[in-house]
Amino acid sequence: MAERRTPYEIYWEILVYCKTPRAFTAIINRCDLNSKTGQDYISFLCAKGYLSRTVEGEKSWYTTTEKAGEYLSLFTELYQKLFDTIPGFRL
């Protein structure tokens with residue numbers, strides 16, 4: 001039985017994946033989210049300043065900001081202390 005991911009793990013996955021600019025559909029497909037849930041997570045991360053949105057014509061790209069570095073470091077450290085491994089997902 002697969003374990004459900006916590007919101008913190010999903011935030012981490014999105015931020016790691018978006019270190020390279022990504023389109024919304026690429027994010028929800030890679031992180032296995034539906035459109036509504038994906039939009040909620042992405043909106044939250046943008047509001048916190050952890051993701052930035054760039055619009056080029058009709059396309060939007062999301063990129064992890066420098067500000068997200070602290071979250072990524074702290075989450076990775078906590079996860080490693082709890083599970084003796086670093087977090088991971090299908091890249």
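This is a predicted model: local features need pLDDT of at least 70, side-chain atom pairs count only at pLDDT 80 or more; totals for chains, interfaces and linings use all residues.
**Exercise 1. Find out how covered helix α1 is, and what covers it.**

Step 1: Let's count first. Nine of the 11 residues in α1 are buried, so this helix is mostly covered, taking buried as under 20% relative accessible area.

Step 2: Now put names to them. The buried set is E9, I10, Y11, W12, E13, I14, L15, V16 and Y17.

Step 3: Look at what sits over these residues. The cover includes the helices α2, α3 and α4, along with the strands β1 and β2.

**Exercise 2. Take E9 and work out which partners its side chain has.**

Step 1: E9 belongs to helix α1, which covers residues 7–17.

Step 2: Check for a salt bridge. A salt bridge needs a side-chain nitrogen of Lys or Arg within 4 Å of a carboxyl oxygen of Asp or Glu. For E9, the nearest side chain of opposite charge is R5, at 6.5 Å. So E9 has no salt bridge, even though it is buried.

Step 3: A polar atom of the E9 side chain lies 2.7 Å from the backbone nitrogen of T6.

Step 4: Leaving out residues up to four places away in sequence, E9 touches R4, F75 and Y79.

**Exercise 3. Describe how β1 and β2 are put together.**

Step 1: β1 is residues 51–56 and β2 is residues 59–64.

Step 2: Look at the pairing. The two strands run antiparallel and are joined by six bridges.

Step 3: Inspect the turn. Two residues sit between the strands, making a hairpin, and G57 in that turn has a positive phi of about 65°.

**Exercise 4. Decide how many disulfides there are, using C18 and C46 as test cases.**

Step 1: Pick the cut-off. Two cysteine sulfur atoms have to be within 2.5 Å to count as a disulfide.

Step 2: Apply it. The total is zero disulfides. C18 is in none, as its nearest cysteine sulfur, from C31, is 7.0 Å away. C46 is in none either, with the sulfur of C18 its nearest at 8.9 Å.

Step 3: Compare their surroundings. C18 has 0% relative accessibility and counts as buried, whereas C46, at 28%, is partly exposed.

**Exercise 5. Explore D32: where is it, and what is its phi like?**

Step 1: Locate D32 in the loop between α2 (24–30) and α3 (35–47).

Step 2: Check the backbone. Phi of D32 is near 55°, a positive value, and this residue isn't a glycine.

Step 3: Check the surface. D32 has a relative accessible area of 56%, so the residue is exposed.

**Exercise 6. Follow Q80 along its helix and beyond.**

Step 1: Q80 lies in helix α4, residues 68–83.

Step 2: Go back 12 residues along the chain to A68: the two C-alpha atoms are separated by 18 Å.

Step 3: Q80 is partly exposed, at 41% relative accessibility. Not counting residues up to four places away in sequence, Q80 touches T85 and I86.

How values were computed. Residues are numbered from 1 along each chain as its sequence is written. Side-chain values use heavy atoms; hydrogens and water are left out. Helices (H or I, at least four residues) and strands (E, at least two) are DSSP runs, numbered from the N terminus. Buried means under 20% relative accessible area, exposed over 50%, partly exposed in between (1.4 Å probe, protein chains only). Lys and Arg count as positive and Asp and Glu as negative; His and the chain ends are not counted. A polar contact is a pair of N or O atoms within 3.5 Å; within protein, one must be able to donate a hydrogen and the other to accept it, and residues adjacent in sequence count only if both atoms are side-chain atoms. Contact means heavy atoms within 4.5 Å. Two strands pair if DSSP finds at least two bridges between them.
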